[in-house]
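The following exercises are to be worked through with the sequence and the structure in view. Each task is followed by a solution in steps.

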Amino acid sequence: MLINKPADLRPSEITDRRYFERRRELLKGGAAAAVGLAAPGLLALSPAAAAKIKFEQLKRSELSADEELTPYESVTSYNNFYEFSTDKKEPAELARNFKSRPWTITVEGEIGQPKTFDVDELIKLFPPEERIYRLRCVEAWSMVIPWVGFPLGNLIRSLAPTSRAKFVEFETLHDPERMPGQRPSLFGGSLEWPYREGLRIDEAMHPLTILAVGLYGEELPGQNGAPIRLVVPWKYGFKSIKSIVRIRLVEQQPVNTWQAQAPGEYGFFANVNPDVAHPRWSQARERRVGDFFKRPTLPFNGYADQVADLYRGMDPRKLY
Amino acid sequence: MPVGSERAPDPQRWFRRLKPLVFLACLGPAAMLSYRAMTGTLGAEPIDEITGVTGQWTLRMLLITLLITPLRQLTGWHGLIRWRRMLGLFAFSYAVLHFLTYVVLDQFFAWNFIIEDIIEHPYVLVGFTAFILLLPLAFTSTDAMVRRLGGRRWRRLHRLAYLVPVLGVLHFWWQVKSDISEPAVYSLLLSVLLASRLRRPQPRATGAAPPATPG
């Protein structure tokens, strides 16, 4: 007996909610969009090209760095995103068709009431602005990226954290179907999944700390942590966790993935510090992607004026 | 066809004839790198890319060179020996490119940083040591040098060809952040190649050996 009765409507024929909700805009948007609506099958062939959300009329934050931007092409083709691959060139290819909508983020723990947000709902609640930040990777390369995001502190404040909320823990999506780097390999997985990161509550509430939902005025590409990621510009890049699905306010200091992986090499704080070498390589200099000559690395990645106070009285050698 | 050109069929001749092709094939990765450099397709961090590619081909060439002897024993294609020196020199050439990429492109002759890097970071030190150990091998690769050293001493010196890839794999392994699969594959291949040398058939007298010394 045939149990699988063919559905009247194939999934490929269903217009994505995003297009449906933006139908008036799309109609105004001209021929390309009109073709897309008339023939959803065509859209399915090139979802990335058709679906890119653009953030219009962004306000540039005063906290932005005034430096030459790293080209879009470099920002989106040189990525450490082990959920896709340990090779820096591969995530761009492997994340090309990553579906980052619909997407929900659950905020829980030491707050009044756990809450789950749709990412687009979050964007409406906390209108993003442009933040140009330096990004310094622990591997001694750096970029300047125009993020689109909003302060994490705004979200946390709106949820009334309790007095026991001393730290914030973040978690990346764990879905080996969509993130091929999470599938077990012959020599064991590359990291423990899901990827976790953490901040002290005052770091999380700091105005420089943002949740980014885009770059260069457009939605985040998959390889850059779509649809929503953390950006903490005075810490090494691995702290800026990508593709977040869970934010938890906790009392105890969480263990972040890289710290668990190699406690002697990666700490909890991971503040950029030219004077504390990584055990295997120097952190004194960095190469800005696209430059030939290396440049000296600055304490706190050049954000010392804004953040050094957070660590007053702490041993900087413990802050790696 | 003149009668005088008739010779016994010599399968070893093929190795001589194919040698130029092998030479061109070994140039392939370098040619590819140059092409990518000229077309600007080395990616966001070209120096990083060149360092990686030249390092990997150094290791691969070292392993391919080590493959010659076991392959000869396995197949009886003794003409393969004609390629070995060339392959070894290609390994050395890629090592030179790798080293120069580091000194010129990556560090741009910042000797104080280079020296500090070599002294303080074990993986750099191991890689540097491997490179230094390759120098006498390349230097003594000519027929004249073999004659000057004498076969026995030359062979003893060239046992460094076993040590250098061990250091090379270590140099690679030591800088991996978490995914060890690539260096693990190199280690595995290298172990097989080195192990194949442990049980080289010893010439042994057949039958019961008579006592060596009279009672």
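**Exercise 1: Strand E11 of chain A**

Two bridges connect E4(A) with E11(A), and these strands run parallel. This is a predicted model, in which local features need pLDDT of at least 70, side-chain atom pairs count only at pLDDT 80 or more, totals for chains, interfaces and linings use all residues, and side-chain values use heavy atoms, with hydrogens and water left out. Residues are numbered from 1 along each chain as its sequence is written, while chains are lettered from A and ligands numbered from 1 in the order in which they are written.

Task: Determine which residues stand opposite those of E11(A), and which way its side chains point.

Solution. 
1. Strands (E, at least two residues) and helices (H or I, at least four) are DSSP runs, numbered from the N terminus; two strands pair if DSSP finds at least two bridges between them.
2. Strand E12 (residues 295-296) of chain A is joined to E11(A) by two bridges, and the two run antiparallel. Here A:Glu286 stands opposite A:Arg295.
3. E11(A) and E12(A) form a hairpin with six residues between them, and A:Gly290 in the turn has a positive phi of about 105 degrees.
4. From E11(A) (residues 285-288), A:Arg285 and A:Arg287 point one way, and A:Glu286 and A:Arg288 the other. All of these are buried, that is, under 20% relative accessible area with a 1.4 Å probe and protein chains only.

**Exercise 2: The surroundings of A:Ser74**

Task: Decide whether A:Ser74 is buried or exposed, and which residues it contacts beyond its neighbours within four places in sequence.

Solution. 
1. A:Ser74 belongs to helix H6 (residues 72-75) of chain A.
2. Its relative accessible area is 12%, so A:Ser74 is buried.
3. Contact means heavy atoms within 4.5 Å. Apart from those neighbours, A:Ser74 is in contact with A:Met143, A:Val289 and B:Ala44.
4. A:Val289 is 215 residues from A:Ser74 along the chain, yet their C-alpha atoms are separated by 7.6 Å.

**Exercise 3: The interface of chains A and B**

Task: State how many residues of each chain are in contact with the other, and what area is buried between chain A and chain B.

Solution. 
1. In chain A, 28 residues are in contact with 24 residues of chain B.
2. The buried area (accessible area, 1.4 Å probe, that two parts lose on being put together, summed over both) is about 2,200 Å², with 55% given by carbon and sulfur atoms.
3. A:Phe187, A:Arg280 and A:Arg285 supply 30% of the area that chain A buries against chain B, more than any other three residues. A:Arg285 is also one of the buried residues of E11(A).

**Exercise 4: Chain B**

Task: Describe the elements of chain B and find what share of its residues is buried.

Solution. 
1. Chain B has nine helices and zero strands.
2. Of its 215 residues, 37% are buried.
3. Among contacts in chain B with a separation of 6 or more, 66% join residues 24 or more positions apart.

Technical notes: Buried < 20%, exposed > 50% of the residue type's maximum accessible area, 1.4 Å probe, protein only.
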